[in-house]
Amino acid sequence: MEEPLIPVVPMSHTAHIRSHRKPRPRSSSALAMRAGVAGGVLGTLAVAGAAGTANAAEPVTQTIELPTLTADMTAQVAESAEVTQQAAADYQLRAERDAAAAKAAKQAKADLADAKKKAEAKEKAEAARKDAAERATRSAGRTTLTTASTAASNDAVAPASGSVATVISFLRAQVGDAYVMGATGPDAWDCSGLVQAAFKQVGVDLPRISQDQSVAGTQVSLSNLQVGDILYWGGAGSAYHTGVYIGGGQYLDAANPSKGVVIQDLSGYPADGAVRVL
C-alpha cells in the first residue's frame, strides 16, 4: 500500500520577512462607512434574493388565487350595482312622492281659494237678500201704518156694533187659550177654527179651513179695513192663516203653539188680504 502524498507549497523568498510598515490607524468613521457599505450590500442582496424568490413563486400564486379574487370582485361589483339601483329606485320614488305632494298642496290651495271666493259671493248675496228684505219690511211697515191710520179713522166713524160687536166680544173672551192644530174649542183653537166659531155666534156659517175663508166674503183693500173683517195671509183661495181685524191697527188670532190666542199689531205681521162678511 502506498502512502499518501503531501503537497508541497512553494514559499516566497520574502515570506519569512516581517513587514516593517506600520499599520495605519483606522478611524471609527471609516469603519462605520465600511460597515454601512457592507450592510447595504448585504441588504441589497437580501432584497434581491427575496425578490427573486417572490418572482419565482409569483406565477404559482397568480395561477391559484386569480380566479378566487375575480369571483369576489364580481360579487362585490354585482352587490354594489344592486345597491346603486335600489338607491336610484328609492330616489325616484321619493321624487314622485314629493311631486305628488306638491301637486296636491297646489290643488288644495286652489280649492281653498275657490271655496273662499264662493263663500264671499254667498255672503254678499245673503247680505243683499237681507238688505232687500229689510227694505221690503220697512216699506210694508209704512204701508201698514198708513192702513192702520185709515182703519182707525174708519173705526172712529163706524164703531163696532150689533153683530160685529158680538163677534169681537167672543174673540176677546178666548184670549189666552191654547193653539192646537185642528182644534175648534172651547179651550183650544187653531186659526180658522177660532174665526169660524166667532162668526157662528151671529149666524154666519163660514168654511172650516183658512183657504176657503179667504174667499168666503167680499174682498176689501187693506187700506179700507173695518172692524170684523177677516184677514188672511197668503193668496186668496190658498191662504195659510186667518184672523179678525179688531180696529186700531190690531187683529186677534190663534197665532201658533207658542203664543196661543193673542191680539197683535198689523205692523208686526202685515196681512196679504181681507174679506168682509158682515
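Tutor: Two strands pair if DSSP finds at least two bridges between them. Keep that in mind for this predicted model.

Student: How many bridges join strand 4 and strand 8, and in which sense do they pair?
Tutor: Strand 4 covers residues 230-233. Pairing needs at least two bridges. Strand 4 and strand 8 meet that in the antiparallel sense, and the count is three bridges.

Student: Which residue of strand 8 is the bridge partner of Ile 230?
Tutor: Strand 8 covers residues 273-276. The partner of Ile 230 lies in that strand.

Student: Which residue in strand 8 stands opposite Thr 218?
Tutor: Look at strand 3, residues 218-220. Three bridges join strand 3 to strand 8, and the two run antiparallel. Opposite Thr 218 stands Arg 276.

Student: Which residues of strand 8 point the other way from Gly 273 and Val 275?
Tutor: In a regular strand the side chains alternate between the two faces of the sheet. In strand 8, Gly 273 and Val 275 point one way, and all four residues are buried. Pointing the other way are Ala 274 and Arg 276.

Student: Is Asp 190 buried or exposed?
Tutor: Asp 190 sits in the loop between strand 2 and helix 3. Buried means under 20% relative accessible area. Asp 190 has 6% relative accessibility, so the residue counts as buried.

Student: Which side chain joins that of Asp 190 in a polar contact of 3.0 Å?
Tutor: Start with the contacts of Asp 190, leaving aside neighbours within four places in sequence. Among them are Tyr 179, Gly 182, Arg 208 and Ala 254. The polar contact of 3.0 Å between side chains is with Arg 208.

Student: What kind of pair do the rings of Phe 170 and Trp 189 form?
Tutor: The structure holds three aromatic pairs. For Phe 170 and Trp 189, the ring centres are 6.1 Å apart. Planes over 60 degrees apart count as edge-to-face. These planes lie at 85°, so the pair is edge-to-face.

Student: How many residues apart are Phe 170 and Trp 189?
Tutor: Both residues are buried. Phe 170 is in helix 2 and Trp 189 is in strand 2, so to speak distant parts of the chain, and the separation is 19 residues.

Student: What kind of pair do the rings of Trp 233 and Tyr 251 form?
Tutor: Trp 233 is in strand 4 and Tyr 251 in strand 6. Their ring centres are 5.1 Å apart. The planes lie at 50°, so the pair is tilted.

Student: Which residues form one aromatic cluster?
Tutor: Trp 233 and Tyr 251 are both buried. The cluster holds these two and one further residue. It consists of Trp 233, Tyr 251 and Tyr 269.

Key:
Residues are numbered from 1 along each chain as its sequence is written. This is a predicted model: local features need pLDDT of at least 70, side-chain atom pairs count only at pLDDT 80 or more; totals for chains, interfaces and linings use all residues. Side-chain values use heavy atoms; hydrogens and water are left out. Buried means under 20% relative accessible area, exposed over 50%, partly exposed in between (1.4 Å probe, protein chains only). A polar contact is a pair of N or O atoms within 3.5 Å; within protein, one must be able to donate a hydrogen and the other to accept it, and residues adjacent in sequence count only if both atoms are side-chain atoms. Contact means heavy atoms within 4.5 Å. Rings of Phe, Tyr and Trp (its six-membered ring) pair if their centres lie within 6.5 Å; planes under 30 degrees apart count as stacked, over 60 as edge-to-face and the rest as tilted.
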